[in-house]
Amino acid sequence: MSDVNDQARRDLFRATAAASAVETQSASDTATPEPKTASPLEGLGAARSRGDGKVKVTGEARYAIEHQPENPLYGVVIQSTVASGRISRMSVEQAQQASGVVAVYTHLNSLKINKPVAIADGGAAQSTYTPIQDDVIIHNGQNIGLVVAETFEQATYAASLVEVEYETTPALIFATDEGVEPKPVSKQDIDLGDAQTAMQQAEVRVNERYTTPREYNMPMEPHACIAYWQDGRMTVWEPSQWVAGAQREIAEWMGIEVEAVRIISPYVGGGFGSKPVPYTHVALASVASRALNRPVKVSLTRPQTFTGLGGRPATSQQLELGASRDGKIQAIIQRSFSETSLIDVFAENCSKVTARMYAVGNVSAQHQVRPINTVTPGWMRAPGENPSAFGLEVAMDEMAYALNIDPLELRLRNWADKDYQLDLPWSSRRLKEAYQKGAEAFGWDQRIMAPRSMREGRELIGWGMASGTYPVNKLPAEAKIILTPQGKFVVQCAGADIGTGTYTILAQTAADILGVASSTIEVQLGDTELPRTGVAGGSQLAGNVTAAVNDTAKRMRDQLLRLASELPASPLKGTPLSQLTLTADGVKHNDRAVSFAQLAAQAPAESLAVKGGTFPEDMSQSERDRMVRNLNDMSRPEAFSAHSWSAQFVEVRVDEDFGTIRVKRMVAALDSGRLYNPKLARSQWIGGMIMGVGQALMEEGIVDPRNGRVINNNLADYLVPVNGDIPSITTINVGEPDFEATTMGGKAVGELGIVGVAAAISNAVFHATGKRVRDLPITLDKII
C-alpha cells in the first residue's frame, strides 16, 4: 500500500477514534444516570452510594479475622511439598518445645474431623478432603498439620521446625498426562437434533481447540477465620458468601448439630467465588478450639491460598462449527474437559452457553473431568459460562472470517428467538439492543475487516467483539424488619455483602415501601442467627433478598397502619386503614399524625418485629433450613428461559516490534433487567470486565511438572491487572424490568461483566496481528 493510502487510513482512523471518544463519553454519562431530581427516599433505582462505604474507608468495619476474642491462640497451617505419596516421617518435637507453642496437630495425634457431604450429593462442601486424618498425600500444598501458639510469630516459627519426609509415588500433574482416566459428566451433555449429519452437510467448517489455564480468585481479604468453642457451641468468624452452607459444613466436620454452630460474617473483603464455603484450615481451627477450649485464629498466607483451596480449573474444548455460505450456523460439536482432584468431581462445564447463544438446532456437547493430583477446584466468577463463551465466541469470529462476514453481522444472522436448548421463550432478551448501542458507542461501522489493516505508527490496531450471557438463578429468602424505640427501622437478613452493595439495596427496597429515606435504615447481614438466606453466588442474591425485604416491608407497613388505627393512645385510633398513609416520620391522616417513635412506645414489643420472605407459607422450618443449605435447590423460571445478556467491544494496540498488547478501549452494552442501583451495577460490570482483561492477557497458574508445585503462588508473579493496565471503560445499560425472571424485575449483574471479555480481546488481537491465539493468556511469545 502506498504512503499516501497509509496516511489516508491513519487520518481516517484518528477521526474515527476522536468521534468514538465523544460517543464513549456520552455513553458513559448515560450509562448510569443520576436522577435529575433525586428522591429523598433514594429507593430502588436510585444511584445511591454504598451505605457501607464510610465504615469501610474509615476502618470501622470489622472483617472476620479482625474480631478480638479474649485470650486467643494463633494457628499456622503446615502444607505438603510433594504431589503424591505418603508421609514416611514427621518430626514435631522441636516445634512442640518452641516458646509459646500450645499444640501441634498432625495425623500422628489426629483430632477427629468427619467427612462433609459434597454439594453434588446435596451437602454444602466443595471438597470432601479431611485434613490430618491419615498420611496420604494427594496434591502439593495439601494441609497436613496445624501449629497452635500464644502468638502468631511463635506459631509461624514453630511451624518452620516441623520436619516432614515423604515416600513419593508418580503424580498426575496435568489433565493431559498419560494415565489420567477421564470421567464423563453426563448430566451436562447436550444432544439437540442430529449434529453429526448436519456437520457433514455444512458448506464451511471451523474446528479448533480452545484452552484456559488454572486461574485464582485472589481477593484482597485473606482466607482467615476465628473459631471459638464455648459451652458446647461453636462460633466461627469466617469471610463467607454463604453462612448457611458454612454452618452446615462445620457442623459435619465436628459431628455436632447444625444449630450448635454460629457463623458471623458482616463484611467480606472480596470473594469472586472463593468464599461460598469454608476450607480445611477452618476445620483445623474448629477442632483445635474445641480441644483447647480457647479461640483459635488461623489465616492462610497468600502462597497457601493457591493450594489451601481451588480456583478455576484448567479447561480444554475441541469446538467445531458448521455453517452455510450465507452465514447460518447449521451444527456445533463440542468435546471438552476440565481438571479435578483425585477425590472430588468438580466440573467447569464448557458447554454452558454453547447451545443457548445462537439459533442452532443441531448441537452435540459432552464434558468430562480428568482427576489429577491437585486441590479440588472451585468457583470463580461465571464458572462454566466464562470458558464456554471464550471458546464459542472466538470460534464465531473464526467463522466470520471463513465466510468473509462482519463478526457482528454473523451474530445477527444467527439470532436466537428462543432458547433452543430448553425449547422455551426468553423472559427477555435485549441483546440486539446491546449490539446496536455498543456498536454505535464504539464506532464499529468504521472497522476495516482485514487483519493488520488498521495501524498508527508502529502500533497495530485491533477491534474485536463478543457476546456474553449469564442465567438467572433463584432461591427463597427471609427477612425481618424491626422498629426501634427511637422510631428507626432495622432490616435483618443472613445474606452476605461481598462488596456488591447488599447493605445498600436492602435499605433502598425497604425505603420504597416504608416511605423513609434509605440512608436512615440500618441493615444487618452475615449471621446465621438472622433470617434465612442462601448463597451470594450465581448472581442471584440481590434478586432473592430484595424480594424477601419487599414482602417484609409490606407486612411492616400493614402492621404500622393497624397499630396507628388500633392503639388506644394513638391520635389516629379508629381511622380506617384505607385512609392512613406512611410518611417519613410516621403514619398520617389529614392533619393528624402519629410518629414511628410514638408507635414504638405504645405498641407491644412483639408487634414491632415483622418477618416475611418468599418461602411458601406452608413450608416447614426444617425444609426452609434445608433449602438455604443446599445449592441443588437453586431454581430458574419454569415457563421462560431467563438470562442476562451483553455485547463486549474492545480495541487493542499491539507493538509491531515487541508484541506487547495494550487494551485501549472497552465498551459493553448490557441487559441485566431492572437495575436496583445503577451506580453499584456499573461497579459490578466493570469489575467483571477488568477480571476479563486479567484472564485474557495475564492470569495463569504455572505448575512445576516435577512435583506439582504452583510456582507463581504470590501477587508478584501471579499477574492481575493494575490501574495502568485498564483503559476508560464504557458501560451502557439496555435492560428493562423483567418480572418473568424475578419478583423485583432484575437479572444477573455480578458475573455478566466477565463473560465474553477474553474472547473479545482475543478477537481484537487477531484483527490487529493476523495471529489467532486460542490458548489463554495471550502473551507476547504467542504472537511474535
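Visitor: What should I know before I start?
Guide: It is a predicted model, where local features need pLDDT of at least 70, side-chain atom pairs count only at pLDDT 80 or more, and totals for chains, interfaces and linings use all residues. Residues are numbered from 1 along each chain as its sequence is written, and side-chain values use heavy atoms, with hydrogens and water left out.

Visitor: How many cavities of 30 Å³ or more are there?
Guide: Five. A cavity is a set of points, on a 1 Å grid over the protein atoms alone, where a 1.4 Å probe fits but cannot get out. Volume is the space filled by probe spheres set on the points, which are joined across faces, edges and corners.

Visitor: How much space lies in the largest cavity?
Guide: About 180 Å³. It has 22 lining residues, and the closest to its centre are Ser 127, Tyr 129, Thr 280, Gly 308 and Val 375. Lining residues have an atom within 4 Å of a point.

Visitor: Which helices supply at least two residues each to that lining?
Guide: Helix H6 (243–254) and helix H8 (302–308). Helices are DSSP runs of H or I with at least four residues, strands are runs of E with at least two, and both are numbered from the N terminus.

Visitor: And the second largest cavity, what lies closest to its centre?
Guide: This cavity holds about 130 Å³. Arg 214, Tyr 216, Phe 306, Thr 374 and Val 375 are closest to the centre, out of 19 lining residues.

Visitor: New topic. Is Arg 532 buried or exposed?
Guide: Arg 532 counts as buried because its relative accessibility is 14%. Buried means under 20% relative accessible area, exposed over 50%, and partly exposed in between, with a 1.4 Å probe and protein chains only.

Visitor: Where is Arg 532?
Guide: In the loop between strand S21 (522–524) and helix H13 (541–566).

Visitor: Which residues is Arg 532 in contact with?
Guide: Beyond neighbours within four places in sequence, its contacts (heavy atoms within 4.5 Å) include Ala 477, Glu 478, Phe 615 and Gln 621.

Visitor: How many bridges join S23 to S24?
Guide: Four, with strand S23 covering residues 586–589. Val 587 has Val 594 in S24 as its bridge partner.

Definitions and conventions:
On a 1 Å grid over the protein atoms alone, a cavity is a set of points where a 1.4 Å probe fits but cannot get out, and a pocket is an open set with protein on both sides within 12 Å along at least five of seven lines; lining residues have an atom within 4 Å of a point. Two strands pair if DSSP finds at least two bridges between them.
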